[in-house]
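Please look at the sequence and the structure shown below, and keep both in view while reading the report that follows.

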Amino acid sequence: MARGGMRVLCLEKNHCIGGMATTTELVRGYRFELAGSVQFPIPTQIYDDLDLGACPIYEAEVQSVGIGPSAHRPIGRFDVRTPPKSLNEMFASTTNEVEREAIRTAMFGSVMDVIDRHLPERQKHAQIRGMLAFLSVNSTHRGPYDAGSAMCLAFALSSPGDVTMSNVKRGIGTISDHLLTQFETAGGELRRHVKVDEITVDRGRVTGVTLGDGDRITAPVVVSNLDPTATFTNLINRDVLSEVFARRVDTIDHRALYFQMHRALSGLPEYADQYAVPNDGDARQCVTFIGTPEQMQRDFEGCTQGLVPRSPSVNLSTPTLRDPDLAPPGKHAASNFAFYAPIGATHDEQATLRDEMADRIVATITARAPNFPETIERQCSYLAYTYERMFRYTNAIGTSLTSSPSAPDLGAGPITRFRSKTSVRAALAAMDGRGSHSLLATTAGMRS
Ligand SMILES: Cc1cc2nc3c(=O)[nH]c(=O)nc-3n(C[C@H](O)[C@H](O)[C@H](O)COP(=O)(O)OP(=O)(O)OC[C@H]3O[C@@H](n4cnc5c(N)ncnc54)[C@H](O)[C@@H]3O)c2cc1C
């Protein structure tokens, strides 16, 4: 917009820019990618327009996996500058039955409908089945066998042509900083510590915004990058919305059973016995412990009843292996995401579930890397929706990684010392020795 000649003012309530795509110092001397970490495939047009090639990335050893015929085109996953297609429009744009079937599966099928079709052999394809299921549903409120979950596979893991996922040097915040430079170079103005309280409307037209301190800014166009629920229920008076539109916003389900931890490590986990392979080179940069899709489904179902998985599926990334400046010399900044983390009904219950989940994640890793607990200097754990509470980011935007509308008011302190080794031992014992995972997979970046 700034490049197109408009006067653009960007209002950010925090000091730090980038929202969920921020690299930030959570522990003194250690910088972490707060939430997002992988640059998902971006339509070429957008990539070029924003000159994203200027952001340094890591070359992945394995780039991507293609299974089955592509359904990008009818679904419109990589269409730019056009409104999303309705279901009818998607079907109307198909040219053959394969594409129509792909839409039906993406909309109404499960991740496992797709995986079973293309990678049916449970033993032979075990790792790739587990990894694809893991990566598809990790940010959702779905198990890999749930109807509708196939869309996660189509959306999250599809890539057009040779476009791939990548990791960005100095973390995903590099992209946000790059965009800010572009914005300011084009004449845009950023104001930090300015919270928008309301988008004002007069006779059906937006007129500007009201700020937290009561000031008003007029503008003929207001663009909100908050999620639709936050924008159309918190910032705009609902009475100005059409009934049908307001109802559609109400039906958006923001739940996610995602759990993230960041850790300051004094050293690296040493994987033992048959798990020692990642110790070579920088393979420990990204290690994933995945259960079978069946186990993930059981974990999801248990989680919706308030049960913490015995041995959660976990990804552990240690970007300092390639980007040592993110931590003090010789030390490491590591992050993991895992699921499924149940959402408690009360503050106390939530804190208990969070700590139990954290212990089970550590136990899952410790079962393969026995020195892991000794390497942890500090750790912080976040459920998906605590980002709003702790960092004042509104429900994660534009993705399914968002706050639970039913989430209680939480105030848990994010940074904790490592909890007692006794609790991790108890979690290890609960896992029956090495736990129920049959697989260990290492990936370059997040590719499998
Ligand atoms: C845990 C997690 C992991 C993720 N992993 C990935 C990943 O690996 N790869 C990927 O591509 N995507 C990932 N995502 C999604 C990605 O982070 C988001 O899609 C992206 O950050 C959305 O950008 P945004 O600017 O629209 O919104 P946000 O990043 O949420 O930014 C919103 C900004 O608006 C500000 N703001 C909010 N309310 C107000 C207000 N009232 N007034 C003024 N300012 C306000 C916030 O402070 C924030 O800076 C992840 C998300 C989460 C939560």
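## Helices α5 and α7

In this predicted model, helices α5 and α7 stand roughly perpendicular to each other, because their axes cross at roughly 75 degrees, a value that falls within the range of 65 to 115 degrees used for that description. The axes of α5, which covers residues 111-118, and of α7 come within 6 Å. Where the two helices touch, Val111, Asp113 and Val114 in α5 meet Ala150, Cys152 and Leu153 in α7.

## Helices α6 and α7

Helix α7, which spans residues 150-157, also packs against α6, which spans residues 126-137, and here the angle is about 85 degrees with the axes 8 Å apart. These two helices are therefore roughly perpendicular to each other as well. On the α6 side the contacts are made by Leu132, Leu135, Ser136 and Val137, and on the α7 side by Cys152, Leu153, Ala156 and Leu157.

## The nonpolar core

Which residues have the most contacts inside the largest nonpolar core? They are Val111, Ala133, Leu153, Ala341 and Ile361, in a core of 70 residues. Both domain 1 (72-157) and domain 3 (258-442) give residues to this core, so it lies between them.

## The chain as a whole

The protein chain has 15 helices and 16 strands, and buried residues make up 39% of its 448 residues.

## An exposed residue in a loop

Ala54 is found in the loop between α1 (44-49) and α2 (72-75). Is Ala54 buried or exposed? Ala54 has 11 other C-beta atoms within 10 Å, and because a residue with 12 or fewer counts as exposed, Ala54 is exposed. Although Ala54 and His178 are 124 residues apart in sequence, their C-alpha atoms are 8.2 Å apart in space.

## Confidence in the model

The mean pLDDT of the protein chain is 83, and 82% of its residues reach 70 or more. Over residues 395-420, however, pLDDT stays under 50, and the model has 67 contacts beyond four places in sequence for this stretch. Residues 432-448 likewise have a pLDDT below 50, and the model gives that stretch 59 contacts beyond near neighbours in sequence.

Key:
Residues are numbered from 1 along each chain as its sequence is written. This is a predicted model: local features need pLDDT of at least 70, side-chain atom pairs count only at pLDDT 80 or more; totals for chains, interfaces and linings use all residues. A nonpolar core is a set of buried Ala, Val, Leu, Ile, Met, Phe, Trp, Tyr and Cys residues joined through C-beta atoms within 7 Å. A residue is buried if 20 or more other C-beta atoms lie within 10 Å of its own, exposed if 12 or fewer, and partly exposed in between; C-beta atoms are placed from the backbone. Domain bounds come from an automatic or database domain assignment. Helices (H or I, at least four residues) and strands (E, at least two) are DSSP runs, numbered from the N terminus. pLDDT is the predictor's confidence in each residue, from 0 to 100. Two residues are in contact if their C-beta atoms, placed from the backbone, lie within 7 Å. Axes are lines fitted to C-alpha atoms, for helices over the stretch in contact, and angles run from 0 to 180 degrees between N-to-C directions. Angles under 35 degrees count as roughly parallel, over 145 as roughly antiparallel, 65 to 115 as roughly perpendicular and the rest as oblique.
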